[in-house]
Structure formats: structure tokens, C-alpha cells
Amino acid sequence: MKKLIGLLLLFAALLAGSFPAKAVELTFYYPIAVGGPLTKVVDNLVAGFVKEHPDVKINAVYAGNYDDARIKALAALRAGQPAQMSVLFSIDIYELLEQDAIVPFDDVATTPEDKAWLKSFYPALMANGTYKGKVYGIPFQRSTIVMYWNKDAFKEAGLDPESPPATWNEMAQAAARLVKKDASGNVSRWGVMVPSTGYAYWMFQAFARENGQDLMNREGNQTNFAHPDVVGALQYWVDLGKKFKVMPEGTVEWGTLRQNFTEGKTAIMWHTTGNLTAVKDTAKFPFGVAMLPASKQRGSPTGGGNWYLFKKSTPAERKAALEFIKWVTAPERTAEWSIATGYVGTRPDAYETPKLKEYVVGFPQAAVARDQLKFATAELSTFQTGRVRKALDDAIQAALTGGKSPADALKAAQQESERLLKPYR
Amino acid sequence: MTTKTWSVPVLRQVYGWLLLAPAAILLVGFTHYPAVATLEHSLFSTGTLARPSRFVGLANYAALGDDPIFWQVLGNNFWFALGTIPTSIALALLMAIWVNGKLPGRALVRMSYFTPTVLPMIAVANLWLYFYTPQIGLLDKVTALFGAGSHNWLGDPHTVMGCLIAMTIWKEAGFFMIFYLAALQSLPPELEEAARIEGASRWYFFRRVTFPLLMPTTLFVLVNATINSFKLVDHLFILTKGGPDNASNLLLYYIYQVAFSFFDIAYASTLTVVLLALLAGFAILQFQLVERRVHYR
């Protein structure tokens with residue numbers, strides 16, 4: 001029966017002209033940035049597709065973390081090795097555009113059905129993949145930042161363990177009550193920790209968005225670091241340590257923050273949804289997951305990997321690649337992928353599938369990231385993205401460690417980014 | 001068929017070259033050619049498929065002069081070298097003399113001094129990350145016993161470099177100790193006997209006999225320690241990623257960031273040329289200065 005359906009599908013595909021008569025071989029690179037045996041999940045996806053499309057051969061190449069994957073994919077293209085598509089960091093788009101490596105999906109997805117497919121994802125997840133009105137990146141492994149809170153600590157501090165702070169003021173006040181000191185006046189539990197090494201710019205985007213500002217424009221050639229509200233956002237972050245004394249001063253290490261939280265050394269932490277499973281497995285206390293608190297509005301940047309179509313490919317290969325990407329991002333597969341990985345389901349109808357519906361009922365924390373997508377914004381990504389990002393990272397760390405005032409630090413970062421981005425306007 | 005046969009000297013030449021070839025090919029392919037290619041890259045702009053690279057002369061070097069981060073990481077490297085080299089050499093010498101003497105459990109002590117050297121730097125950094133972590137880290141737990149509050153060791157620009165230096169000394173001293181230990185064991189015991197008969201104090205003997213005789217080892221260790229202070233950056237990936245605000249960034253890590261995070265191959269090459277020139281300069285200086293005081297036997 002399955003075979004028959006497969007044959008019928010193949011026949012239909014042939015009729016529709018979306019497949020050439022002879023076999024197509026596709027190669028793609030993909031990164032893995034979270035723990036777990038995900039290569040197996042990807043291999044299963046590929047096997048599932050090939051079963052339904054026997055005339056397509058697919059080589060899935062695991063390529064390390066996001067940076068490694070980009071380096072390998074670009075190196076392969078330069079060396080003339082075939083690669084028709086890849087999963088790469090969503091913020092690599094400008095680098096890939098500058099290298100002239102990718103083509104928009106709009107050029108290949110031309111049927112009305114394909115066009116509808118392009119519109120089936122959460123708009124927040126499309127922001128990083130769209131350039132000048134064309135779609136270059138299809139969301140695949142995507143995450144956002146959420147707030148984890150320790151319910152026992154809330155109870156101990158006399159706060160309602162079921163209602164997490166929803167605004168900046170509430171968070172500062174709750175955190176002040178959550179700080180615990182020992183007999184000699186040393187802090188044994190902090191109120192809140194937001195990591196500031198490694199992905200400082202990403203965390204900062206959340207503050208800025210909550211304060212009403214995005215950090216860059218859609219063309220990726222203008223940043224907005226020196227806006228008064230952006231400065232205000234950094235000021236709040238700095239104040240959590242300096243003024244409210246609810247967070248350690250200096251920078252907070254990304255890598256050890258999860259342990260700080262699960263050992264009860266901080267009552268609240270901001271972290272990626274990618275840590276959800278690990279926290280679930282190691283925390284010995286009940287914890288909640290909530291949307292990040294609001295200043296003027298809610299907000300969080302998205303993160304993670306998108307599908308890209310590479311330019312060095314024949315029309316037949318592009319068609320087959322599109323077919324594969326459509327297949328992998330169909331609601332059922334998206335639901336399976338989200339459950340297996342913890343990544344956000346990339347489209348609303350994935351959450352209507354029985355599988356994901358059932359999963360969310362049993363583990364409601366998994367739905368928080370989805371609900372927050374309404375307020376989400378694109379991850380910081382511009383031309384010269386590495387340098388611009390570093391300028392911002394340095395500014396944030398300079399402010400947090402007291403080296404510069406938030407206004408001065410962000411002004412310097414803005415000047416640097418002006419210099420870098422001028423040629424792209 | 002040639003009637004002329006190869007003469008013996010020519011054959012010997014060929015034979016000699018053939019023997020040299022494997023090493024020469026490897027050396028040229030993986031050392032000399034990349035160095036020359038780096039120099040060449042540093043004179044061109046970074047190309048993309050859209051905008052191919054072109055010759056820009058010394059523009060990259062001019063940009064380097066204007067790059068505040070470059071000067072900062074250079075300064076950091078200077079302090080890192082100054083902090084690690086003398087201390088780890090002194091410590092290595094002290095440990096070597098200590099384990100060279102007769103003491104119970106000598107093999108165990110030697111081994112434990114050497115253990116940090118055997119561990120990969122990444123593993124070491126992961127260990128020390130948990131020493132330095134505020135509150136849950138070992139360091140904070142120890143200072144808490146004395147009533148001190150938690151300190152954000154790696155998150156404070158004033159303490160982060162000290163933390164890296166301490167970890168590097170811990171890692172390196174054992175390695176250098178091995179060289180000193182080998183050198184100490186090759187010193188003829190008659191010298192010590194003679195000194196004792198002459199009534200020399202132990203300190204006098206060390207200062208006038210042992211230390212000068214260890215000079216070749218010291219030179220070797222010094223060169224290695226200097227190179228290492230520029231070469232060792234593995235721990236930055238784990239511990240600080242160069243932060244906060246470049247307070248712990250070192251030249252080689254900055255080169256990595258420029259090359260693989262910014263994809264600016266030209267500028268990364270320029271920085272590499274500077275690093276190579278610096279190291280070559282150090283090597284020449286050390287060999288010339290110290291050679292005068294070195295007694296080769």
C-alpha cells in the first residue's frame with residue numbers, strides 16, 4: 001500500500017514536471033548546536049524522504065557547529081564540490097549574499113501551492129531569511145530566549161510561585177526579595193542572572209526589543225545602537241547588578257549559568273529554549289518557564305538555523321531540493337522535529353497536529369516559546385555581521401563591567417558599525 | 001640507451017637530496033609556503049565572489065595601526081607573557097630541585113607535578129571554569145570559609161587576566177620541570193662533593209655552580225615559554241572568549257576571530273605576519289643575549 005502511494009506520488013510529481021526523469025543527487029550540510037543524538041533524527045528524515053522519492057539521492061553531511069558548517073559549506077562551494085542546499089545559521093544570510101552563494105526561494109517556488117508554503121511559517125521566523133522582499137531562508141531549527149524561574153525560591157521569598165514577573169519593574173522587585181544573604185552578609189542566592197559572555201548581543205536584543213527598539217534595519221546595512229531607548233535597555237541590564245544588586249556585577253558566564261540555576265544560586269535566569277530539556281533533567285525543584293518580562297512590550301530575538309538554496313545547482317537539482325525542504329518542513333515533520341529537539345515548531349499548523357498537541361498538554365513549558373513568537377524579532381544580522389556583533393558585544397561587556405557608561409559604550413559601537421556598514425548603503 | 005654513466009659525486013648528491021626530500025617537502029609545504037602565502041595575503045584585500053580581492057599594498061597594516069583592539073590584545077599578550085614566563089620557570093626549577101632530592105614517594109610527587117601537562121588545555125579550561133565560577137566555584141567556596149563574599153573572577157576585567165595567568169602557570173610549570181630535572185640529573189655529582197669539601201653553602205653552590213650549568217636548559221625553556229605565551233589560546237574558547245570587553249583577548253585568539261568569525265582573511269593574515277615577526281624577533285634576541293651566558297659543554 002505504502003509503495004503504491006509512493007508510486008502514485010512519484011507519478012504525480014513526474015506529471016507536474018517537478019522531477020526530472022533521471023535520478024538527482026543532492027548534498028547538504030547541517031550544524032548541530034544543541035546536545036542530543038540529532039544526527040540520527042536528521043538521517044531518519046532523509047531516509048523517510050528518499051523512501052517516498054526513490055529517484056532522489058540525498059547526502060546529509062553533519063558539519064559541526066554553526067561556524068564550522070558555514071566554513072565547510074562555503075569551502076565546498078569554492079572547491080567545486082556539489083552542495084545544492086544547507087542548513088546554516090539564520091544570521092549568515094548577508095555573508096552568503098555577499099559571497100553570491102544563495103538564490104531566493106521565490107525563484108524556484110513558483111506554483112501557487114509553493115507560494116502558499118512560503119507564507120505558512122511564523123512571520124517572526126521569516127524575518128532573518130528575507131532580504132529585499134525575497135525569501136532566502138526557510139526556518140528549520142529555531143529557538144528564542146525564555147525566562148526560567150525556581151518555584152521553591154519564589155515560595156520561600158513569599159512570592160506567588162505560579163505568577164512570574166511580567167514587567168521589568170516586577171522582575172527587579174521580585175528579584176530583590178529573592179536575593180538571599182548568609183549571616184556574614186554575602187549573597188548565597190541571586191535574584192536573577194542574564195548571561196553576558198558568548199551571546200551578549202542576543203540577550204541584549206531582548207532588552208532592546210522589550211524597550212521598543214530593534215537593533216538593525218531589514219536591509220542589514222544600518223544599526224540602531226545609540227537610540228535613547230536602546231541605551232535605556234542597557235542601563236536596565238547594568239542596573240540589575242549595580243543599582244538593584246539582584247545580579248552579580250561584571251559579566252555572567254553563559255556556559256555555567258544553567259548550573260547556577262539548577263543549584264539554586266539564582267532564582268531566575270534568562271536562557272535559550274535549547275536548555276529546556278537539560279534543566280528539566282537536572283533541576284531538583286519545580287521550575288516554570290515564562291515569556292521574558294516587558295518594558296514597553298514583550299520581546300525576544302529568535303535564533304537558530306535556516307534552509308538555504310545554493311546558486312551552484314542545476315534547475316532540476318533546485319526543484320528536487322525545494323521538494324525536499326518542503327517535505328521536511330511539512331507540519332507533521334515539523335512537529336516530530338520540535339519534539340525530538342526542543343526547537344520551536346516553525347509554523348502554526350504544526351501545533352494543530354495531534355502529536356504536538358498532545359506533547360504540549362503534557363509539557364506546557366514547550367508552548368511558551370511558541371506563544372512568545374508573536375513578540376519576537378529577527379536575530380542581529382547585518383553585512384559584516386561578525387564585526388558588528390563584536391562591537392556590540394564589547395560595548396555590552398564594557399558597560400556591565402563598569403568600564404564605560406551605557407551611552408558611551410553604545411555610541412562607540414554605533415560609530416564602529418557606521419564605519420563598517422557605510423559601503424553597503 | 002645512453003652511453004654516459006652517472007659519475008659518483010653526482011649520484012651522491014642525488015642520494016643526499018633524496019634523503020632530505022621528505023623532511024624538506026613537509027617543511028616547505030606546511031611551514032615556509034604558508035608563511036610566504038600569509039605575507040602575500042596581507043597585501044591584498046579580502047575578496048568575496050561578488051568583489052574579488054585586489055592588491056592594496058600596506059593598507060591592511062595601516063588599518064592595524066588604527067585598530068584599538070589590536071593594541072589592546074598586544075598589551076594583554078605582554079602582561080600574559082610577563083605574568084606566566086618568569087613564575088613558571090622559577091616554579092619549575094624549584095620543583096625540579098625538590099623532586100631531584102631524596103624524599104619519600106618521589107615518583108608520586110614527580111608524577112603529580114607532571115600531571116597538568118598531560119591534560120589537554122580544553123579539559124584544563126573546563127576544570128578551571130568551575131574553579132572560577134562565582135558561588136558554586138571552588139575558589140569562591142574556599143574564600144567563603146574566610147568570610148569573603150563571592151567574586152566574579154572571570155567577569156571582572158581586573159581579575160580575569162590574573163586568573164588566566166594562574167591557570168597557565170599551573171599547566172606549564174610541570175612541563176618545564178621535566179627539562180630541569182633531566183638537566184639536574186646529568187650534572188656530575190663530583191661538583192657537589194668538591195663544593196662541600198670547600199665549605200660552600202647550598203645557596204652559594206646553587207648560585208655559582210648549578211644555575212650556570214643549567215643555563216642551556218633555561219634558554220630552551222625560556223624560548224618555549226615565550227612561544228607558548230603567544231601560542232596557547234585554547235583556554236579562551238572555554239573560559240572567556242576574550243571577554244569581558246577584550247580584557248582577556250590574546251593576539252592569536254583575535255586572529256582566530258578575525259579569520260573565522262569576521263571572515264576577513266586579509267586582515268587575519270596581516271595580524272599573523274605581525275605575530276610571526278614578533279616571535280622571530282624574540283627568538284633572535286633570546287639566542288643572542290642569553291648565548292653569551294650559556295655554557296655548552
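## A buried strand in chain A

In this predicted model, 13 of the 13 residues of strand S7 (residues 138–150) of chain A are buried, so S7(A) is largely enclosed by the rest of the structure.

## Chain A as a whole

Chain A contains 18 helices and 13 strands. Its radius of gyration is 23 Å, close to the 22 Å that the globule rule gives for 425 residues, so chain A is as compact as a globular protein of that length. Taken along the principal axes, the C-alpha atoms of chain A fill a box of roughly 75 × 50 × 35 Å, and 60% of the 425 residues are buried. Of the contacts in chain A between residues at least 6 apart in sequence, 75% join residues at least 24 apart.

The accessible surface of chain A is about 16700 Å², and carbon and sulfur atoms account for 55% of this area. The chain carries 50 positive and 43 negative side chains, with the centres of the two sets lying 1 Å apart.

## Chain B as a whole

Chain B has 13 helices and zero strands, so that chain B, with a radius of gyration of 25 Å, well over the 19 Å that the globule rule gives for 297 residues, is more spread out than a compact globule. Along the principal axes, its C-alpha atoms fill a box of roughly 75 × 70 × 35 Å. Buried residues make up 40% of the 297 residues of chain B, and among its contacts between residues at least 6 apart in sequence, 67% join residues at least 24 apart.

Chain B exposes about 17100 Å², of which 71% is supplied by carbon and sulfur atoms. For its 18 positive and 14 negative charges, the mean positions are 10 Å apart.

## One residue in chain B

B:Ala166 lies in helix H7 (residues 160–185) of chain B. With a relative accessible area of 35%, B:Ala166 is partly exposed, a class that covers values between the 20% limit for buried residues and the 50% limit for exposed ones. Apart from its neighbours within four places in sequence, B:Ala166 is in contact with B:Trp128 and B:Tyr132. By contrast, B:Val258 is 92 residues away from B:Ala166 along the chain, and the C-alpha atoms of these two residues are separated by 27 Å.

Definitions and conventions
Residues numbered from 1 in each chain as written. Chains lettered and ligands numbered in written order. Predicted model: local features only at pLDDT ≥ 70, side-chain atom pairs only at ≥ 80, totals over all residues. Heavy atoms only, no water. Helix = DSSP H or I, 4+ residues; strand = E, 2+ residues; numbered from the N terminus. Rg over C-alpha atoms; globule rule 2.2 N^0.38 Å. Buried < 20%, exposed > 50% of the residue type's maximum accessible area, 1.4 Å probe, protein only. Contact = heavy atoms within 4.5 Å. Areas by Shrake-Rupley, 256 points an atom, 1.4 Å probe, with all protein chains shown as cover. Lys, Arg positive; Asp, Glu negative; His and termini not counted. Charge placed at Lys NZ, Arg CZ, Asp CG, Glu CD.
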